[in-house]
Amino acid sequence: MVGPMAATQIWWDTARASGIVAWALATLAVIGGLQLSTRLIRRPAPAWVLDVHRFVGGLAVAFTGVHIAGLLLDTFTSFGPVEVLVPFTSAYKPAAVAFGIVAFYLLLAVELTSLAMRRLSRKVWHGVHLSSYLLFALATVHGITAGTDRHNVWFQWACLLAAALVLFMTFVRILAPRRGSDRPPHDRAAPDRAPTR
Amino acid sequence: MDTNVKDVNPMTDEMTAADRAERIRRLQERRAATTTRTAAGTTTRGATKPRRRHPAMATRIFLAGLSAASFFTIAGSVAVANGGTSSAAPTPVAATPVVVLPATRTVGATSSSAATTAATARAGAVSASAPHVKSRGS
């Protein structure tokens with residue numbers, strides 16, 4: 001039987017669990033995107049990676065929604081719509097929560113511009129998509145500073161490994177020669193590029 | 001295919017009413033044949049193409065399942081970890097002593113317990129009058 005205390009904790013536990021899963025999925029999406037641009041590993045076909053990258057991004061948005069809903073439904077904390085949507089209005093660690101709010105807006109922007117990719121110019125889409133780096137950094141800092149599970153060893157190691165991997169792939173992305181010059185013309189019209197109008 | 005029907009090119013030849021009727025009849029026959037064959041389960045020219053499968057459909061399903069499983073595992077383990085604390089502090093939220101600080105009440109606080117929690121959090125210390133707050137940190 002679920003006691004009254006456990007019943008009131010359900011939404012809080014939901015928020016905690018979905019926050020961790022959303023962060024993991026966002027990290028996976030960032031790593032997938034970096035793999036697409038760097039082609040660091042040859043084996044998975046780009047079309048496969050792109051499909052997974054898109055799906056994982058959408059899944060991250062869904063779990064972020066569950067995270068926010070959990071916070072709103074939890075009667076224990078003082079998170080209302082304003083605290084959840086407006087940075088620095090939360091009584092609980094305003095800066096740490098603000099990192100999460102800004103990361104959420106960036107996630108929404110990246111996802112929506114990706115959905116409307118065909119209607120946008122490649123420059124606009126790419127500019128918004130680059131904010132994924134900031135989104136990953138903010139979400140990680142939010143998890144480390146605001147998360148209840150920040151003292152968990154597994155979570156700390158996961159954050160460290162994810163940050164190291166993203167940093168390494170970013171360096172490869174910056175230092176490696178651009179693919180555009182050495183690719184055949186038919187490959188330049190790859191599916192990861194927005195069609196020009 | 002009918003061989004006794006005169007083939008008329010509508011772009012160059014003059015069409016009679018009989019030719020037009022014959023063309024319409026042949027088109028209707030072809031359409032009916034296509035519909036029948038599609039219903040039988042075979043793909044024919046003119047039938048709607050089956051939707052292209054996503055390249056990573058299996059991985060999509062696997063990742064969705066893995067995410068859901070991770071979510072329930074984490075939530076469950078957190079709930080189990082808090083189980084001991086919960087039984088130690090079974091006081092319902094509504095029954096906790098209310099310490100309302102009007103000056104520090106948050107915009108989104110709708111209940112007295114929420115205001116208590118907010119005030120406690122702002123003070124930076126766990127109040128002895130609200131032992132349940134401590135269980136949140138586990």
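Confidence within chain A of this predicted model is highest in helix 4 of chain A, with a mean pLDDT of 94, and lowest in helix 8 of chain A (residues 185–188), with a mean of 42. Here pLDDT is the predictor's confidence in each residue, on a scale from 0 to 100, and helices are DSSP runs (H or I, at least four residues) numbered from the N terminus. The chain A average is 85, and 85% of the residues score at least 70. Over residues 181–197 of chain A the pLDDT is below 50, and this stretch makes 14 contacts beyond near neighbours in sequence; a contact requires two C-beta atoms, placed from the backbone, within 7 Å. Residues are numbered from 1 along each chain as its sequence is written, and chains are lettered from A in the order in which they are written. Local features need pLDDT of at least 70 and side-chain atom pairs 80 or more, whereas totals for chains, interfaces and linings use all residues.

Chain B has an average pLDDT of 61, with 38% of the residues at 70 or above. Helix 2 of chain B reaches the highest mean in that chain, 81, while helix 4 of chain B (residues 132–135) has the lowest, 40. Where pLDDT is low, the predicted coordinates should not be read in detail. For the complex, the predictor gives an ipTM of 0.77 and a pTM of 0.64.

The largest nonpolar core has 36 residues, of which A:L25, A:A26, A:A60, A:A103, A:L107 and A:L135 touch the most other members. Such a core is a set of buried Ala, Val, Leu, Ile, Met, Phe, Trp, Tyr and Cys residues joined through C-beta atoms within 7 Å, buried meaning 20 or more other C-beta atoms within 10 Å of a residue's own. At least two residues each come from helices 1, 2, 4 and 6 of chain A and from helix 2 of chain B. Helix 1 of chain A gives the most, 11 residues. Beyond four places in sequence, A:L25 contacts A:V56, A:L59, A:A60, A:F63 and B:S67. A separate core of 6 residues includes A:W12, A:L71, A:F76 and A:F79.

Helix 2 and helix 4 of chain A also meet directly, with A:A60 and A:V61 among the helix 2 residues and A:F104 and A:L107 among those of helix 4.

Terms used: Buried ≥ 20, exposed ≤ 12 C-beta atoms within 10 Å, placed from the backbone.
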